[in-house]
Amino acid sequence: MKKPTNYKEWAVFALGLFFILFGLPMVIGGIWLIVVGGSWYYLPAGTAFIVSGWQLILRRRLGATIYAALFVATILWSLIEVGLNGWALVPRVFGLSILLLLIVAALPILQPARSGRLFTVLGLSSFATVVIALGILLFNAGHPTMNREIPKVSLTLTVATDMPLDNDWPAYGGSYHAKRFSSLIQVNRDNVGQLERVWEFRTGDLPAQRWGAETTPLKIDDSVYLCSARNILIALNARTGEERWRYDPKIADDAIPYTAACRGVAYYATTGSQACAKRIIEGTLDARLIAVDAITGLPCSDFGDNGNVNTTRGMGKMAAGMVSMTSPPTIVRGVIVVGHQILDGERRDAPSGVIQGFDAVTGELRWAWDLARPDLSERPPQGETYTRGTANMWTIASGDEQLGLVYLPMGNSAADYNSRSRSVKENQYSSALVALDVTTGKPVWHFQTVHRDVWDYDLGSQATLVDFPTPTGAVPALILPSKQGEIYILDRRTGAPLTGVEERLVPVGGVEPEQRTPTQPFSLYHTLRKTDITEKDMWGMSPIDQMLCRIQFRQATYNGIYTPPTTDSHWIQYPGYNGGSDWGGVSVDPQRGIIIANYNDMPNYNRLVPRKEAKQLGWFPRDDPRQPTGNPKDEGAAQIGVPYAVDVNAGWRMPYTGLLCKQPPWGGIRAIDLASGKTLWDRPLGTARANGPFGIPSMLPLDIGTPNNGGSVITAGGLVFIAAATDNLIRAIDISTGKTVWQDVLPAGGQATPMVYAIDGRQYIVIVAAGHHFMETPIGDYIIAYALPEAN
């Protein structure tokens, strides 16, 4: 071998050495993948890299020829595996195309200049490959799937009694029916491009850790009301964003559970002109109910103890942060209905998930619903507690004032991933929507979405109330989305499904096979869930990390949705607990009869960890002095009181690169015909601009479809406003086409649901940009309002 004599020869030497170093892990991993039953591509591809690299070091043209053959074979293999799927081709073809260009540049060193035919052929083919791959990527990422043309106005559904007021946004979801729809039309598809920021406010509340306020403000009369990450209540001038008052309940940092979140506040008006006739009510991270005067911000002296009510009485012993309220309360017929976020994964005997109703004027307890003790309707006797470890409601309830019902999306009993010790009542109400009579606190009906849930598929979405069109007329109904992606339509009077629901066979087995039910409920109306993933769906920034994801896939247990938890291997949960629809819920356009649902499409990679191993790893519950006060979701969950802790890789991310093992898109947004449940359009939600390997933003404006948290709002002007994705953008989407018609870069992550209001004849769109630690978006404390320019 002749020693390189100039920089060009040294560059070829370095390229050959890179090929060898790149090929070695592909050979080793390729053998491993074959042993576990996976693709045979990587072993010969790695071998070709090594041989090509050695020939390049020797400066022989054979190195380029071998690589060209590998490249052609890879193209053919890729097309057979994934066709013209742009994102799927990225790890298979794009990096190899760049290397092909380097091979072309090296050809003059490898052969005489007169032999230019190979140079020309390889150069043109590599250039064409890059151009074609990028073209496919841009086309696939930029075009929503269309099913039919949507009429601009279709009076499939007529709703008059529940329309949010043209000017106001008086509840978290627009109203307690939670349609997230505004009848305002000033901003429409023709002029939305003129939207501009008209005011901006900063709360000054920036938690050092676990940030993610998730707030949707209210607007009543001429004021905007909101809560900051740590529950500071603030009133703003709706015209200018100037602060009118604030009330700080002094929340300690040790009260923060997973996230310093305050999704919103509630508004209640009584008759008369006395102080606090109009009041703002919030639940706090330390589980207090607080009521202040909407005009002055002063505590309501007639509510509890000078405006404060402790909601944890009767719940027993608890550590700071174990019991909190992150969602706004729901008020129906003068009763404030609250649940709690009970810290997941800590211990089987966690505090109770009891639901309580408090008088909206006095703060007195009206009733309590302990699902395991239906006879107990008030606080437990001295020395007793509400039943510990029962399913809780951490998200937002909806309500029907006319029927006097409140609809509770219930979570899991404590120890999410083990069910052996749960009672009959816990198995009855876990992961179910429960309708309570708001005057008595007694269940009227319930509908369960998962039997004996050990996948953390608790209901995160607020149910949306609609009048559902049927052949015999409109029926009072509700739309219930789930984390699995199922969307159910239920009669909200009885809980009876108005569209088909069937029990289908699902995998059984796992660590407690006698606990797994042979069937689970599936909606025949609509599902956001995609087909089961396969080894071909694995992804990465290069063939190597894609190969590693393939190996993990082959080593894991996976038999489709509801694969039971295992301990001898990892199991794949798809969709993961952030999959389908979460706390952002859905929005409904009642004039056009359209549901808008944003969703996640990511798996989790999980393993049950035996107790001895969990102790060695230092996994302890929050109330254990050995547990540091970091984010309890970042590592394994201890699950004290059951045989196993649990290790959850949410999103199934690779170490170092931080990329997800499943190919994009990882999140999307879909329009659904309300009457039929048919998809109207479906598209990725979120660009790659703020995402990339190793946490480095790529700045690419491609619609990759990112993870998203938060919901959308629809306006009668034919627009869907949504942030939610991890690209730090708020966008307006044309509801008829699914195309983005306006967007703006936010100063922090927009993991919140926007709201819409009008004052003095001017329409505003408001978003809270506070970022989110779990979504890894930048922290902030911004409230931003957009409107059209004022006429001169």
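**View 1. Surface and overall build of the protein chain.** The protein chain exposes about 28800 Å², and carbon and sulfur atoms supply 57% of that area. The model is predicted. Eight helices and 41 strands make up its list of elements. The radius of gyration is 28 Å, close to the 28 Å that the globule rule gives for 792 residues, so the chain is as compact as a globular protein of that length. Along the principal axes, the C-alpha atoms fill a box of roughly 95 × 70 × 55 Å. Of the 792 residues, 63% count as buried. Among contacts with a separation of 6 or more, 65% join residues 24 or more positions apart.

**View 2. The largest nonpolar core.** This core holds 49 residues. Leu195, Trp199, Phe721 and Tyr757 touch the most other members. Several strands give two or more residues each, including strand 3 (196–202), strand 5 (223–227) and strand 6 (233–237).

**View 3. Leucine 195 and its contacts.** Neighbours within four places in sequence are left aside here. Leucine 195 is then in contact with Val187, Phe721, Trp742, Ile765, Tyr786, Ala787 and Leu788. A second, separate core has 28 residues. Among them are Leu33, Tyr41, Ile66 and Leu107.

View 4. The order is 8-9-10-11, and the pairing is antiparallel. Strand 8 (266–269) and strand 11 (308–310) stand at the edges. Each has a single partner strand, so one side of each is left without a neighbour in the sheet. Neighbouring strands are turned by 20 degrees against each other on average, direction ignored. Strand 10 (residues 288–293) pairs with strand 11 over three bridges, in the antiparallel sense. Leucine 289 has valine 309, in strand 11, as its bridge partner.

View 5. Three bridges join strand 28 to strand 31 (residues 604–610) in the antiparallel sense. Tryptophan 571 stands opposite asparagine 606 in strand 31.

How values were computed. Residues are numbered from 1 along each chain as its sequence is written. This is a predicted model: local features need pLDDT of at least 70, side-chain atom pairs count only at pLDDT 80 or more; totals for chains, interfaces and linings use all residues. Side-chain values use heavy atoms; hydrogens and water are left out. Two strands pair if DSSP finds at least two bridges between them. Helices (H or I, at least four residues) and strands (E, at least two) are DSSP runs, numbered from the N terminus. A nonpolar core is a set of buried Ala, Val, Leu, Ile, Met, Phe, Trp, Tyr and Cys residues joined through side-chain atoms within 4.5 Å. Buried means under 20% relative accessible area, exposed over 50%, partly exposed in between (1.4 Å probe, protein chains only). Contact means heavy atoms within 4.5 Å. The radius of gyration is taken over C-alpha atoms; the globule rule is 2.2 Å times the number of residues to the power 0.38. Accessible areas come from the Shrake-Rupley method with a 1.4 Å probe; for residues, only the protein chains shown count as cover. Axes are lines fitted to C-alpha atoms, for helices over the stretch in contact, and angles run from 0 to 180 degrees between N-to-C directions.
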